[in-house]
Amino acid sequence: MENNQSYFDNWMKNQRDILDQWNNMSSTVREQTNMDTFFQKGQEWMNKFNQTVEDTTANGRTKMDENVNNQKEMWTKMMDNWNSWQNSLNENMMNWSKNFNDQYVNNATQNFTETAKNWQNEMMNSTQNWSKNMTSNITNPFDMPNMVNSTSHNAYKSMQSGMEAYQMMAKMWQPMFEKMNVNGWNADEFQKMVDMNQFKSYLDKVFDLNQVNINMNSLMNNWSKTMMSMNNPEMMQNIQNSMNEMVLPQMNNMSGMMQEMQKNFTAMVAPFSKLMPDDKNRQMMEKIADVSKNYTDGFQKLTELQYHIYHKGQNALDNFMKVVTEKYENGDKFKDFNDMYSEWLNQSGKSFEELFATDEYSKLQGDLVNISADIKAKNSEVMEIMMEPLPLVRKSEADEIYLSNYDLRKRIHSLEKEMEAMKTTPNHQEPMVHNPNPIHHEEATTTTPEPQEVAIKPVSNSKTAKKA
Amino acid sequence: MSENTEELKNPMDTWVDMLQKMAKGYENLSQIENVDVATAQKELVWQLDKVKMYHYKNDAEIKVKTPVLISYALVNRQDMMDIQPDRSYIRNLLNLGLDIYMMDWGYPTQADKFLTLDDYIEMYLNDGVDFIRKSESIDKINLMGICQGGTFSVIYAALHPEKIKNLITLVTPVDFSKNDGLLIRWSRDMNFDTIVDSQGTINGDFLNAGFSMLKPMMQAGKMMNLMNIIDDKDKLMNYLRMEKWINDSPNQAGECYRRFMKELYQENKLAENKLIIEGKLVDLKNLNMPLLNIYASEDHLVPPSASIALNDLVGSTDTELYKFPGGHIGVFVGGRSQKELAPAVESWLKSRDN
């Protein structure tokens, strides 16, 4: 009982923490809507950054020690500023989305007005999610002090995550089960009853798509409405046609929107960049602008990838309906929802594996991984510039040390091999120079089942080690 | 429409039942202090940098006198072969009288990012093999490679046939030309230069994320399985041991990963006899020792076609192909494996132990 109490207390606390985070993020997003404020904040930060650098370099190391607190503050500001850039990018994206939606609504039928509104809301949610992800400061919602080992902790987290997805499907199937109890299995009827919003949420959960969910929710809503309005024997073909008609043109528009957004962002950065002296700071800002290009490319690819996953999800659901229909026609039936859910996992798993085996999916996924790697590399370059004035070892400097260390290890190994070969050569003489304590070869002499606790003593050559 | 008049429980009620199980699961999981894997007794006998070699203690009568060195993959850890006492490929081999050494590639950090494929083959593996040869006063040892460790073993045996008496490969990819298997397919569209340049040492989580996408609904399925066994402590521990192994995913030295993915996965240089290691061509025709090639018929990580090809590529006249029903991991931890795999290996080795 105590454990259950602790579980629900934690659950409640986590819900509250998450809500607080969302509220904070909303405030941040709102604060960034004024571009003048944004520029002003950016310039203030840059001035302070420059001032701190000047102070520290002018007064030497002792001054640096005195400035520890200032540096911490500066670092925080730098990270705040970075987040501000990202939030502004989000804001810009939302504006473009709104413009696009306005245009779209004016030219489309009344049927799409609701879609546009939903899309706008979805855009807001997605950018907030993305910002939340970027800032990475969310309290761990699965903090469970009673878990004493990480394996149990991970297993519980996994179980909890799986339960969230399970709950979504249970909720979606609830009305169908009620019907089933009255009238039995009816695939056509159930197909129309599927809450596509709920289904999309499920797919988002399973594939972890929420963090960068751009606009597909509203498309799926519209799609599901169209589906529900259809009632003819060629339903499946109509679904396919409507999907192509609705989604593909919008995907092309999305591509144009993203490119426009990138142009706008570059234009936004340009005046800020011109305010700066032609030095590292400017380089840094240019690199940040460059990274933004990667982000827009990434969003575009991700939108396409999500489209494929949703589409395949729908196919999986259709196939599932057919399989279950056959099952019921053969006199078989589900014992309960768990039984059905297991069958769904089996069927949908096969469908998604089919998708993942396609060239199109592989290409998209490859592009996303490559873009992500490129962003990481460019961010590292930005950090290199940011950290240059600070008394910290930068990545490039660490790499130099690693490389030297690697070369030395190789050289020692090679020399030891040569010495050993000399020893086994007839008429060999002891070398003139001998290092009694090489740093990299060690021999174990103590038996223990725990590798980490094995006592190791240095030896001059690994091959001279003896079995205990 | 078909009729089904029996009352079905409301899905949300079933969900509530599951929630109660989850609360029980929380309680049970909270009481587990430690999850042990790889508990067979062994002794550290050799080490170079972070790479270690262990020698397993064996109280059974040694029936195959030539010692066996096992080379596991750099991905995940060799602990899977001794996941628990009653599901242990290692213990089964020991009980059948094999003398076993095990390479442990360790946990590379950013400081190890410059280690190359050449280093793993010609420095670590070669020194490990030489250590056994010298300490056992023998010219040749038996080499057993698992998955990527099997690929390493094939390369090594082709470069140093004079040091290897028998070669055993298990679920080992060699021919990457076929479009079977998602990992091979996906690798075609990845820029490994960009990936390595940005990460340095490749993060184990990055690799695990890719593996989990191969079976996207498996995670949800695992949750269902866990719910069903949450009250059975033995089964729960079995589950947790496997989870511990899956999550124990070492990083990979970037330069080694770069060459492995580019030259083997993308360019198929090993199967085409174009791979160069420390200036020497790896010619599979030089692989002239007896070969036992074991593959899993349902392997979703290393497709059978990538393994089977090896037997036709080597120069050896004594080759055997062993098809094991099951998946990549099931070969080692499955119930059937406990009865069949180790005896098959022991029998094959014993007949070639002169």
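This is a predicted model: local features need pLDDT of at least 70, side-chain atom pairs count only at pLDDT 80 or more; totals for chains, interfaces and linings use all residues.
Which residue in E2(B) is the bridge partner of B:Glu43? B:His55 takes that place. Chain A itself has 13 helices and 2 strands.

**Chain A overall**
- Chain A has 468 residues, of which 25% count as buried.
- Taking contacts in chain A between residues at least 6 apart in sequence, 72% join residues at least 24 apart.

**Strand E2 of chain B and its partners**
- E1(B) and E2(B) pair in the antiparallel sense, over 6 bridges.
- A hairpin is formed by E1(B) and E2(B), with 2 residues between them.
- In the turn of this hairpin, B:Asp49 has a positive phi of about 55°.
- E2(B) is also joined by 4 bridges to strand E6 (residues 98–104) of chain B, and these two strands run antiparallel.
- Opposite B:Lys52 stands B:Asp104 in E6(B).
- E2(B) is mostly covered, with 6 of its 6 residues buried.
- B:Val51, B:Met53 and B:His55 point one way from E2(B), while B:Lys52, B:Tyr54 and B:Tyr56 point the other way; all are buried.

**Where chain B touches chain A**
- In the contact between the chains, 71 residues of chain B meet 75 residues of chain A.
- Elements that give two or more residues to the chain B side include helix H1 (11–30), strand E1 (42–48), strand E2 (51–56) and helix H9 (233–247) of chain B.
- H1(B) gives the largest share of that side, 12 residues.
- By class, the chain B side has 32 nonpolar, 19 polar and 20 charged residues.

**Helix H5 of chain A against H1 of chain B**
- The axes of helix H5 (residues 150–183) of chain A and H1(B) come within 8 Å and cross at roughly 170°.
- Because angles over 145 degrees count as roughly antiparallel, H5(A) is roughly antiparallel to H1(B).
- On the H5(A) side, the residues making the contact include A:Tyr156, A:Met159, A:Met163, A:Tyr166, A:Trp173 and A:Phe177.
- On the H1(B) side, B:Trp15, B:Met18, B:Met22, B:Tyr26 and B:Leu29 are among them.
- The residues of this contact divide into 15 nonpolar, 5 polar and 1 charged.

**Helix H5 of chain A against H9 of chain B**
- H5(A) and H9(B) have axes that come within 9 Å and cross at roughly 95°.
- These two helices, H5(A) and H9(B), are therefore roughly perpendicular to each other.
- A:Thr151, A:Ser152, A:Asn154 and A:Ala155 in H5(A) meet B:Leu240, B:Glu243, B:Lys244 and B:Asn247 in H9(B).
- This contact has 2 nonpolar, 4 polar and 2 charged residues.
- A:Ser152 and A:Ala155 of H5(A) also take part in the contact with H1(B).

**The nonpolar core**
- In soluble globular proteins, nonpolar side chains tend to be buried together.
- The largest nonpolar core here has 152 residues.
- The residues with the most contacts inside this core are A:Met169, B:Leu69, B:Ile70, B:Ile100 and B:Ile155.
- H5(A) supplies the largest share of this core, 13 residues.
- Leaving aside its neighbours within four places in sequence, B:Ile155 is in contact with B:Ile121, B:Leu270, B:Leu275, B:Ile277 and B:Val282.

Definitions and conventions: Residues are numbered from 1 along each chain as its sequence is written. Chains are lettered from A and ligands numbered from 1 in the order in which they are written. A residue is buried if 20 or more other C-beta atoms lie within 10 Å of its own, exposed if 12 or fewer, and partly exposed in between; C-beta atoms are placed from the backbone. Two residues are in contact if their C-beta atoms, placed from the backbone, lie within 7 Å. Ala, Val, Leu, Ile, Met, Phe, Trp, Tyr, Cys and Pro count as nonpolar, Asp, Glu, Lys and Arg as charged, and the others, Gly among them, as polar. Axes are lines fitted to C-alpha atoms, for helices over the stretch in contact, and angles run from 0 to 180 degrees between N-to-C directions. Angles under 35 degrees count as roughly parallel, over 145 as roughly antiparallel, 65 to 115 as roughly perpendicular and the rest as oblique. Two strands pair if DSSP finds at least two bridges between them. A nonpolar core is a set of buried Ala, Val, Leu, Ile, Met, Phe, Trp, Tyr and Cys residues joined through C-beta atoms within 7 Å.
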